[in-house]
Amino acid sequence: MKKEKQPARRPSAKAPKGVSRRGFFQAMGLAGAAATTLAQGGCGSSGGGVDPALQQGVGPDAIDVALKVNGRDVKVKVEPRVTLLDALRDHLKLGSTEPVDLTGSKRVCDRGSCGACTMIVDGRTVYSCTVLAVEAQGRQIRTVEGLSEGGKLHPVQEEFVACDGLMCGFCTPGFVMSAVSCLERTPGATADQIRKCLDGNICRCGTQPRALEAVVKAGARMKGRR
Amino acid sequence: MPYKWPEKRQVIGTKVPRLDGALKVAGKAKYSYDRNLPGLLHGKILRSTVAHGKIVTLDLAPAEAMPGVKAAMSIKKVGDIVRFGGDEVAALAAETEEQARDAIRAIKVAYESLPPLASEEAGLERNPPPPPQTTEKGLKIEEAFAKATVTSEGFYGVAVITHVCLETHGLVADWKADDDLVVYCSTQAVGNTRNSLKNHGPFKAIANLKVTCETPFMGGGFGSKFSADLQGTVAAELARKAKRPVKLMLERDEEHWAGGNRPSLFAKVKAGADKDGKLVALDVESYGTGGNSTGVDMRLPYIYLPEGHRIRNRDVNVNAFNKRAFRAPGSPQACAVMDQMMDDLAHAGGWDPVEFRLKNLPGQGNPLVNLSPIWEKELKMGAEAIGWKQGYHKRGDPAAGPIKRGLGCAINTWGGGPGGAQASCTIAPDGSVEVRCGTQDLGTGTTTLVPIVAAEILGLEIKDIQGKIGSSAYPDAGGSGGSTSCGGVSLAVGVACMKALEQIFAKAAPALDAQPGDLEAEGGKVYVKAAPAKSLSWKQACALLGAQAITAVGDKADKEIQGMAASGVGGAQFVDVSVDVETGQVRVNKVVAVADCGLVMNRLLCESQVYGGVVQGLSLALFEERRLDPRSALMLNPDMEWYKLAGHSDLGEIEVHLLDYPERGVIGIGEPPVIPTQAALANAVTNAVGVRVGVLPITPKRVLDALAKK
Ligand code: FES
Ligand code: FES
C-alpha cells in the first residue's frame with residue numbers, strides 16, 4: 001500500500017485571483033512599482049483583469065481607499081503598500097470616517113503561512129496579510145468581528161467555546177474564519193474535509209484536535225438548521 | 001483550623017468552558033498587539049545583520065529626519081559588540097508602522113565582522129574548549145559497567161528550537177504622567193514585568209515611579225515572557241521621549257532571533273543492564289548550547305537511576321540569542337536522551353520496552369520513588385490504549401512494502417507545586433463577590449480558574465463571581481512558569497474566600513441561632529449544617545454586613561493550607577507511527593497520553609493542556625529546528641515557512657487520559673505533557689524502520705541518513 005498523499009499544509013488556492021501582492025505590482029505598472037519601496041517583490045509580466053484606476057499608478061503617498069467591511073462602507077487613508085490586514089488593524093481607527101477598531105484578525109507571520117489573518121473576501125478565504133488594501137476595494141470583506149454582529153455568536157464560535165477549541169486564542173479568529181468559510185462552501189463537510197480546510201491555520205498552543213471537533217459539531221448543527 | 005478543599009465538590013473538577021472564550025472567538029479580546037491608543041506611535045528596532053561583530057558606524061540623524069519619526073535612540077554605541085544575528089542596535093518610533101520601517105532602514109550603521117560560532121560543534125572546537133562539568137553518583141563507572149551483562153551505545157539529541165509564540169513579545173507603553181507608566185505587555189508575569197521596568201534600567205531613578213502592567217489577554221509564552229525585556233524598556237523610553245504612547249511588538253523574524261529559544265542537547269551515551277534487566281550503568285558525554293552566554297538545563301539522569309552514572313556535559317556558546325525557559329526546561333531534552341537509551345538497551349537485551357521500563361521505575365533511594373506506582377498504572381493504561389500487545393513487534397516492521405509501522409513510549413515527571421500567590425475576596429452587602437489576583441492567563445485558563453474556586457468555596461455559581469486577573473495592580477502573584485500558577489492561585493483564592501466566608505458566618509450565626517462553625521454555604525444559601533431548614537439566602541446573609549463590604553486576603557504562604565496542593569507528577573505517552581522508508585516521511589497514526597493530576601480544577605481545560613502538550617511535542621519531534629548558517633551564524637529560517645509548526649493533518653489521533661488523585665491537592669500540569677512526546681515518537685520510528693534516528697526533529701533526511709547507515 002502506497003501511503004496516502006502528504007497533507008497539503010498551505011493550500012495555494014487560498015488567495016483568490018488578482019488579489020496577491022504580485023497581482024498588485026502587475027496592476028501598478030512600472031511607475032507605481034518604482035515609486036514604492038516594495039519593488040523588491042519583483043514585477044511579473046503584465047496580466048489581464050486589472051482595475052483601470054490602478055493602471056494610472058498610485059502612491060507612494062497615502063491615498064484614500066474605500067472598503068466594504070462586514071457590510072459597512074469605511075474609508076481609510078493608507079499608502080498603497082499597506083496590506084488589507086494592517087489597514088483594518090492599524091489604520092481604520094486612526095484615519096477612517098467611522099472609528100471602528102477591527103483588531104480581531106491577527107498578524108502572526110505577515111507572509112501567508114499561518115492563517116491568523118484569515119478573512120473572507122468575495123466568499124473565499126484569503127490571508128489578508130498577502131492582500132493590499134487598495135486591491136480589496138470593491139470587494140465584500142468579512143472579518144471575524146462580522147460573524148457576531150448583534151452580539152449573537154456564530155455556531156462555529158459557540159462550538160469553539162463549548163469544546164475548548166482555543167487556548168491563548170491568538171490563532172482562533174483565523175481558525176474561526178477558515179471554518180466558517182469551509183462550512184459555507186461545503187455544507188455537511190466531513191471531518192477530513194474540515195481538517196484540510198484548517199490545514200492552513202497554525203496554532204502554537206495545540207488546539208487543533210478540539211478545534212476540529214468544534215467545527216464538526218458546528219457543521220452538524222448548521223446542516224440540521226437548513 | 002487548617003484550611004482544606006471541601007469534600008463534596010460542586011464546581012471544582014467539572015468541565016467549565018473558558019469564561020473569556022466568547023471574547024476571544026469574536027475577535028474582541030484586546031491583546032497587547034491590538035491596543036490602539038489615541039496618538040499611538042509605532043516603534044521598531046534596528047538589529048544587527050552580522051552575528052558577531054563590532055559596531056564601527058552608527059548614525060541616527062538620517063532616520064530622525066525621515067517623515068513621521070518622533071523619537072529615536074541608540075541601544076548600543078560605536079565600539080560595542082553584537083553577539084547574534086538580530087542583536088538590538090537602535091530604535092525609533094514613528095506615526096505609522098510603515099514610516100518606522102522606512103526610517104529604520106535609513107539609520108547608518110556598519111560593522112566590523114568578527115568570526116562567529118555557528119554551531120555546537122564549532123563551539124566545542126574552540127581553543128581552549130569549554131571544560132566539562134562532571135557529575136558522578138553511586139558506583140564508580142567502571143564498577144557499574146562490570147555488573148552489566150548487556151550494554152548499548154548511542155548518540156541522541158535535540159536541536160535548538162524557538163518558542164514561536166503567536167503573539168510576539170512586546171508591549172504598548174503609555175506614560176500617564178512623568179512618574180506614571182502603564183504598559184500593556186504580552187507577558188507571563190504582570191508583577192515581574194512591572195518590577196523589571198520599575199526597579200531596573202533607565203526608569204529606576206524616577207522618584208515615586210508608578211508602573212502598572214495590564215495583560216488581560218496574551219497570545220502564548222511557553223516560558224519566554226517573564227519581564228518587559230529589552231524591547232519593552234525601549235518602547236517605554238521612546239514613549240517618554242515622544243510624549244506619546246508607543247507600540248513595539250516584535251515582527252516574526254525578530255521573535256525567532258530574540259524572543260527566546262530552548263537549548264539543544266546532544267549526548268553520546270553508553271548504558272548497561274544486568275542479566276535481570278536492571279539498569280546498572282550510565283556514562284554520558286554531552287553538549288548543548290543556550291546561546292551566547294548561557295548553558296543547557298542539564299537534567300540527566302532523568303527518572304531512571306542506575307547503580308552508577310557519570311555525566312560529563314559541556315555548555316557550548318554559539319552566536320545566537322540566549323536561551324529562555326521553555327515548557328518544562330531541560331526535561332524534554334533529558335527525556336529524549338534517557339528514553340531513547342532505555343529503548344536501545346531493552347532492544348540489546350531482548351526485553352520488551354514497556355516491561356523494561358516497569359522493571360526500572362524509581363526504587364528506594366530515588367527521590368521519585370513515590371511516583372512509581374503511578375507510572376506503573378500509566379504504562380499499563382497507555383499500552384492497553386495504543387494496542388501494544390497486538391501492535392508491538394521487535395525492532396523493524398517485517399511488513400512488505402515501503403510503509404513501516406511502529407510503536408514507542410516514554411515517561412516523564414515534573415514538579416508543578418504551588419507558586420507564590422496572593423488574592424483578595426471582597427463581598428459587598430448586596431451579595432456581589434469580587435476576587436482579585438495578580439496572575440495572568442496564558443491560555444491555560446486562569447481567568448476561569450479564579451471564579452471556579454470562589455464559587456466552590458462560597459457555595460455560589462460561577463456567574464456570581466467577578467474574577468479579576470491580568471493586572472499588576474491586583475494582589476501579587478508570581479509569574480506563570482513551572483506549572484505553578486494553578487496551585488498557587490487556587491490556594492490564594494480559596495483561602496481568601498474561606499476567610500471572607502468566616503466573616504459572613506460570624507454575622508449570619510446569630511440570625512440563625514447557631515455558632516459560626518455550625519454553618520455551611522452551598523447552593524446560594526447559608527444554612528445550619530445540622531438543620532438545613534434553618535437558612536438564609538446568600539443575599540440575606542450578606543445584607544447583615546450592614547453598609548460596609550468586607551475584604552479578606554489569601555496567601556499561598558499561609559501555613560494553614562498544607563495539603564491543599566502538592567508537587568510531582570508522572571506521565572506516560574505512547575505513539576503509533578507509519579514511516580515511508582523511501583521518502584523518510586513520518587506519519588503519526590495515534591498518540592495516547594496518560595497524565596497524572598492531583599485535584600483537577602477544570603476538567604475541560606486540564607485536558608486541553610494535555611492535548612496542547614502532545615501537539616507541541618509532535619511539532620517539535622517532527623519539524624522544529626533553528627538553523628544557523630554555518631558560515632555567518634545568521635538564522636536561516638526566521639519565519640513560519642522554513643521553521644515549520646505542525647498543522648492539523650500532521651497530528652493523527654490524540655487520546656488523552658487524566659489520572660485523578662484528588663487527595664493530593666492541586667498540582668500544575670501545564671508543562672509535563674510536552675516532555676515525553678519527542679522520545680516516544682523517536683522510539684516508535686525506530687521500532688518501525690529498525691534503526692535509531694537518534695536526533696530530533698526526525699526529518700525525512702535524518703530518517704534516510706539513518707537507513708543508509710544500516
Ligand atoms: S499573518 Fe497572514 S498568514 Fe500569517
Ligand atoms: S490558541 Fe494559542 S496559538 Fe492557538
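Where in chain B is the place of Thr484(B)? Thr484(B) sits in the loop between β21 (465–468) and α14 (485–512) of chain B. Keep in mind as you look around that this is a predicted model.

Let's stay with that threonine for a moment. A polar atom of the Thr484(B) side chain lies 2.7 Å from the backbone oxygen of Gly481(B). If you leave out residues up to four places away in sequence, Thr484(B) touches Gly417(B), Pro418(B), Gly419(B) and Gly479(B).

## Where the two chains meet

Now zoom out to the contact between the chains. Chain B puts 70 residues into this contact, and chain A puts in 64 residues. Together they bury about 5,400 Å², with carbon and sulfur atoms giving 50% of that area.

What about charges and polar atoms? There are 10 salt bridges across the interface of chain B and chain A. One of them links Arg101(B) to Asp110(A), and the closest N and O atoms there are 3.6 Å apart.

Which elements give two or more residues to the side of chain B that touches chain A? They are α1 (21–25), β1 (41–47), α3 (97–106) and α16 (603–622) of chain B. Of that side, α16(B) brings the largest share, with 10 residues. Sorted by class, the chain B residues that touch chain A come out as 26 nonpolar, 20 polar and 24 charged.

## Inside chain A

Glu184(A) and Arg142(A) form a salt bridge in which the closest N and O atoms are 2.9 Å apart.

A disulfide is a covalent bond between the sulfur atoms of two cysteines. The count over all chains comes to 1 disulfide. Its partners are Cys182(A) and Cys197(A), with sulfur atoms 2.5 Å apart. The link between Cys182(A) and Cys197(A) is right-handed, with 70° about the S-S bond. Cys182(A) lies in helix α5 (residues 172–185) of chain A and Cys197(A) in helix α6 (residues 191–198) of chain A, so the pair ties together parts that are 15 residues apart in sequence.

## Inside chain B

Chain B is divided into domain 1 (169–249), domain 2 (261–416 + 566–709) and domain 3 (418–555). Let's follow domain 1 and domain 3 of chain B, whose C-alpha centres lie 31 Å apart. Here 15 residues of domain 1 of chain B are in contact with 13 residues of domain 3 of chain B.

On the domain 1 side of chain B, Gln188(B), Val190(B) and Arg194(B) lose the most area to domain 3 of chain B, together 42% of what that side buries. Arg194(B) also meets Asp476(B) in a salt bridge (3.1 Å, N to O). The elements giving two or more residues to this side are α6 (190–198) and β12 (210–213) of chain B. By class, the side has 7 nonpolar, 6 polar and 2 charged residues.

| Interface | Buried area | Carbon and sulfur part |
|---|---|---|
| Domain 1 of chain A and domain 2 of chain A | about 1,200 Å² | 58% |
| Domain 1 of chain B and domain 3 of chain B | about 1,000 Å² | 47% |

Notes:
Residues numbered from 1 in each chain as written. Chains lettered and ligands numbered in written order. Predicted model: local features only at pLDDT ≥ 70, side-chain atom pairs only at ≥ 80, totals over all residues. Heavy atoms only, no water. Contact = heavy atoms within 4.5 Å. Buried area = accessible area lost by both parts, 1.4 Å probe. Salt bridge = Lys/Arg side-chain N within 4 Å of Asp/Glu carboxyl O. Helix = DSSP H or I, 4+ residues; strand = E, 2+ residues; numbered from the N terminus. Nonpolar A, V, L, I, M, F, W, Y, C, P; charged D, E, K, R; others polar. Disulfide = S-S within 2.5 Å. Polar contact = N/O pair within 3.5 Å; in protein donor to acceptor, adjacent residues only side chain to side chain. Domains from an automatic or database assignment.
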